[in-house]
Amino acid sequence: MNGKIKITPEAMITFLFCLHCILLFKNNTKYFNLAGSYYLYILMIPLFILSFRNCNKFQIIVGTIILYTLVSFILKGGSQISALLLFWTIMFFFVGYQIRPQLYLYIKDFYCISSIIMSVLLLIQHRHPYTGSDSARYGLFYAKTEFYDVNFTATFLTIPTIIMFIDFYDKNVKYPRLMIGALAINLLSVYLLGSRSGLVIVFGSLFVYALTSRNKKYGLKLVYLIGGALLLTIAVQFLPDGIITRILSKGIIDGKTSTRYISWMYGMEAFRENPVWGNGVYSTVEQINKINYWGTAYTAHNTFISFLAMYGIVGSIPIFIFLAAPVYYAIKNKYELYFLILYLGFMAQMFVIEAGFSEIMLIPLIFFWTYINSSANEIRKKNTFTKKRGCLSWLTIMFVQRRIISLTLY
């Protein structure tokens with residue numbers, strides 16, 4: 001932008017999206033559902049149309065998903081039709097949406113800033129949403145008694161945490177001390193949320209990146225890995241007993257059987273009710289309740305199983321093709337290694353939570369597709385938190401945190 005802000009549809013979309021990331025915790029729905037901020041994305045759609053280019057093959061795939069959603073709703077009904085259509089309409093525009101590399105980098109910056117804000121709020125609020133076996137887990141509250149699902153919160157924090165570590169690891173940061181502080185805050189938050197999958201994916205991704213990165217000699221990589229493992233071991237010793245038990249235990253029912261596996265089983269039972277065409281655009285809670293398992297409100301607890309239960313095999317095929325597309329682009333265009341590691345980690349997270357059509361899934365997908373639709377060569381030259389853009393980002397976070405924390409603490 002060279003000091004001048006050009007008012008274009010792309011710039012407006014980027015501004016709105018960055019603003020939404022900063023204020024995501026004000027969504028005021030437990031699972032970060034689109035219902036909490038649908039008006040913002042509806043506002044974006046006319047801007048998308050103004051900046052729209054040519055149709056591509058993945059837009060045809062997303063268009064097929066939209067048509068199948070409508071047909072499934074007409075034939076079988078459903079309670080999630082608005083969220084489904086909004087989600088896939090947004091994705092339809094993003095897969096064909098051309099964006100300048102600099103705007104992508106702003107999205108990347110503010111994605112990280114948003115995670116830090118949420119982590120700071122979590123630590124300041126210092127509240128435990130559960131009793132019993134999960135009593136030690138922390139939660140991020142958006143009202144006096146309402147809090148965001150802890151697994152969804154941890155999932156949102158994982159990608160920005162990995163991004164910041166990779167930039168720090170590759171020395172692509174202007175202010176390394178600030179980055180160390182941000183990383184410590186995010187990692188502590190993931191610990192305190194008690195998300196085993198979040199911890200595994202963060203450290204698994206960093207482990208793979210450290211082994212495969214070309215920016216360090218092999219011996220130095222081992223030092224990083226061994227040092228990181230020792231720090232993690234020491235950090236775990238200072239965690240509350242309840243969180244240590246949850247992180248290290250096999251389950252939360254009797255220590256042997258995981259409730260997540262039970263949820264997957266019920267989700268697959270719902271899928272088998274109508275395996276070809278699906279059960280319609282209902283939540284998996286509603287679908288499983290129809291099978292009447294003791295009246296317990298189970299969910300599929302797995303994004304991919306929820307797609308199968310809702311859309312069936314026929315409707316899920318284009319969805320799975322769409323979700324595999326970033327991997328295809330990463331290999332075909334030889335993207336930076338971190339892109340592939342991040343995306344595979346994100347897909348792993350979707351395997352252990354039912355993100356479905358929430359912003360926990362939408363925002364990362366937008367992040368990945370804006371990378372795909374911008375120039376990878378230009379992005380390599382301008383990494384996050386550098387020079388003037390880095391100053392802007394950190395000054396923004398300091399200002400926004402002071403304004404927001406006073407409005408959201410309960």
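Reader: Taking contact to mean heavy atoms within 4.5 Å, which residues is serine 358 in contact with, leaving aside its neighbours within four places in sequence?

Author: This is a predicted model, in which local features need pLDDT of at least 70 and side-chain atom pairs count only at pLDDT 80 or more, while totals for chains, interfaces and linings use all residues. Residues are numbered from 1 along each chain as its sequence is written, and side-chain values use heavy atoms, with hydrogens and water left out. With those neighbours set aside, serine 358 is in contact with Tyr31, Phe32, Asn33, Phe87 and Phe152.

Reader: Where is serine 358 placed, and is serine 358 buried or exposed?

Author: Serine 358 sits in the loop between helix 14 (337-352) and helix 15, where helices (H or I, at least four residues) are DSSP runs numbered from the N terminus. Serine 358 counts as buried because its relative accessibility is 1%, buried being under 20% relative accessible area, exposed over 50% and partly exposed in between, with a 1.4 Å probe and protein chains only.

Reader: Switching to charges, how many salt bridges are there?

Author: There are 2 salt bridges, each needing a side-chain nitrogen of Lys or Arg within 4 Å of a carboxyl oxygen of Asp or Glu. In one of them, the side chains of lysine 108 and aspartate 167 meet at 3.7 Å, N to O. This pair links distant parts of the chain, with lysine 108 in helix 5 (residues 101-125) and aspartate 167 in helix 6 (residues 150-169), 59 residues apart.

Reader: And why does aspartate 167 count as buried or exposed?

Author: Aspartate 167 counts as buried because its relative accessibility is 3%, and lysine 108 is buried as well, at a relative accessible area of 1%.

Reader: Which side chains meet at 2.7 Å, N to O?

Author: Those are glutamate 269 and arginine 272, which meet in a salt bridge. Both lie in helix 11 (residues 259-273), 3 residues apart, or about one turn of the helix. Glutamate 269 is partly exposed at 26%, and arginine 272 is partly exposed at 47%.

Reader: What does asparagine 274 touch, not counting residues up to four places away in sequence?

Author: On that count, asparagine 274 touches Lys76, Asn279 and Gly312. Asparagine 274 is in the loop between helix 11 and helix 12 (284-291), and its C-alpha atom is separated by 9.1 Å from that of isoleucine 313, 39 residues apart along the chain.

Reader: What about helix 3, what do its buried residues pack against?

Author: They pack against helix 4 (81-94), helix 13 (303-332) and helix 15 (359-372). The buried residues of helix 3 include Phe58, Ile61, Ile65 and Tyr68. Valine 71, which is also found in helix 3 (residues 57-76), counts as partly exposed because its relative accessibility is 45%.

Reader: Which residues make the nonpolar surface patch?

Author: Leu67, Leu70, Val71, Phe73, Ile74 and Leu75 make a nonpolar patch of about 600 Å², an area from the Shrake-Rupley method with a 1.4 Å probe, where for residues only the protein chains shown count as cover. Patches are made of residues with over 30% relative accessible area and no salt bridge, with like charges joined within 9 Å and nonpolar side chains (Val, Leu, Ile, Met, Phe, Trp, Tyr) within 5 Å.

Reader: Last topic, how many disulfides does the count come to?

Author: The count comes to 0 disulfides, a disulfide being a pair of cysteine sulfur atoms within 2.5 Å. Cysteine 21 is in no disulfide, and the nearest cysteine sulfur, that of cysteine 18, is 6.4 Å away.

How values were computed
Helix = DSSP H or I, 4+ residues; strand = E, 2+ residues; numbered from the N terminus. Contact = heavy atoms within 4.5 Å.
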